[in-house]
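Reader: Hi! I'm new to reading protein structures. Could you walk me through this one?

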Amino acid sequence: PAPGRGRGAGRAGGFGGGRGGPQNQVARVEDVAQMLSALPDAAPATPKQPRRVLVLGKAQGFVHSSIPLAARTFEALGNKTGAWTTVITYTPADITEDNLKQYDAIVLDSTTGTFLDDPNNQAVTDARKKALLDFVRGGKGLVAIHAGTDSYHGDGNGLWPDFNKMINGFFKWHWSYPTQIVMKVEDVDN
């Protein structure tokens, strides 16, 4: 298997744990079936060259149950349209300067907390952070979905300012439920 694929796979089906709980790495079969039926048949554009995408689904804080399905969605969309190939990992150790050379984009799939940190080795943490920053500074792509901004924010001051600047902000809080939200619809067909 590709680097990171299948390492420490979670229980089949079910949902990921909450803060501190086990991280599920397997999407529910019925969710995958629905997702596959909703995918487009073709990419809107043809890439100039074959593309490779690394999906990182490591959550170090709250673990969203949607992480494995989102990862599989990126993989299936690339496969079905031919726009890219995907490697899925839940292992921050895959974020190295050498490993990232083979990718055109990284998807932060609801990463939370200090997802690249090795609590026992600051040098490893620093190398991972540098690898991610250098990847983006070198012109490669970065996609952060849902909780991808729920990382490195601490008490409201960024724990990793370069990341917070690159991602253009950070998660602050969830609204209280129920929260009334006012929307103005600009285009009823969209």
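**Contacts and layout**

Author: Happy to! Among contacts in the chain between residues at least 6 apart in sequence, 73% join residues at least 24 apart. Keep in mind that this is a predicted model.

Reader: Let's go inside, then. Which residues touch the most other members of the largest nonpolar core?

Author: Those are Ile95, Leu100, Leu116 and Phe163, in a core of 18 residues. At least two residues of this core come from each of β1 (52-56), β3 (105-109), α4 (122-137) and α5 (161-167). The largest share is from α4, which gives four residues.

Reader: Can we zoom in on Leu116? What does Leu116 touch?

Author: Leaving out residues up to four places away in sequence, Leu116 touches Leu56, Pro92, Ile95, Thr125, Arg128, Lys129, Leu132, Tyr152 and Trp160. There is also a second, separate core of eleven residues, and Val63, Phe74, Ile88 and Val107 are among them.

Reader: How far apart are Phe74 and Trp84?

Author: In sequence, Phe74 and Trp84 are ten residues apart. In space, the distance from C-alpha to C-alpha is 9.2 Å.

Reader: New topic: rings! How many aromatic pairs does a search of the whole structure find?

Author: The search finds five aromatic pairs. In one of them, the ring centres of Phe115 and Tyr152 are 5.5 Å apart and the planes are at 65°, so the pair is edge-to-face.

Reader: Why does that angle make the pair edge-to-face?

Author: Because planes over 60 degrees apart count as edge-to-face, and the planes of Phe115 and Tyr152 are at 65°.

Reader: Got it. Where do Phe115 and Tyr152 lie?

Author: Phe115 is in the loop between β4 (112-113) and α4, while Tyr152 is in the loop between β6 (150-151) and α5, so the pair ties together parts that are 37 residues apart in sequence. Both Phe115 and Tyr152 are buried.

Reader: What about Trp160 and Phe163, what sort of pair do they form?

Author: Trp160 and Phe163 form a stacked pair, 5.2 Å centre to centre with 20° between the planes. Both Trp160 and Phe163 are buried too. Ring pairs link Phe115, Tyr152, Trp160 and Phe163 into a cluster.

Reader: Okay, now charges. How many salt bridges does a search find?

Author: A search of the whole structure finds ten salt bridges. As background, side chains of opposite charge can pair when their charged atoms come close. One of the bridges is between Arg51 and Asp104, at 3.8 Å from N to O. Arg51 lies in the loop between α1 (29-38) and β1, and Asp104 in the loop between α3 (97-100) and β3, so this pair ties together parts that are 53 residues apart in sequence.

Reader: And which residue meets Lys130 in a salt bridge?

Author: That's Asp134, at 2.4 Å from N to O. Lys130 and Asp134 are four residues apart in helix α4, so about one helical turn separates them. Lys130 is partly exposed at 47% relative accessible area, and Asp134 is partly exposed at 31%.

Reader: Last one: which residues form a nonpolar patch on the surface?

Author: Ile181, Met183, Val185 and Val188 do, with about 490 Å² of accessible area together. Val188 is in the segment after α5 and is exposed, with a relative accessible area of 72%.

Key
Residues numbered from 1 in each chain as written. Predicted model: local features only at pLDDT ≥ 70, side-chain atom pairs only at ≥ 80, totals over all residues. Heavy atoms only, no water. Patch = residues over 30% accessible without salt bridge, like charges linked within 9 Å, V, L, I, M, F, W, Y side chains within 5 Å. Areas by Shrake-Rupley, 256 points an atom, 1.4 Å probe, with all protein chains shown as cover. Salt bridge = Lys/Arg side-chain N within 4 Å of Asp/Glu carboxyl O. Buried < 20%, exposed > 50% of the residue type's maximum accessible area, 1.4 Å probe, protein only. Core = buried A, V, L, I, M, F, W, Y, C linked by side-chain atoms within 4.5 Å. Contact = heavy atoms within 4.5 Å. Phe/Tyr/Trp six-rings, centres within 6.5 Å; stacked < 30°, edge-to-face > 60°.
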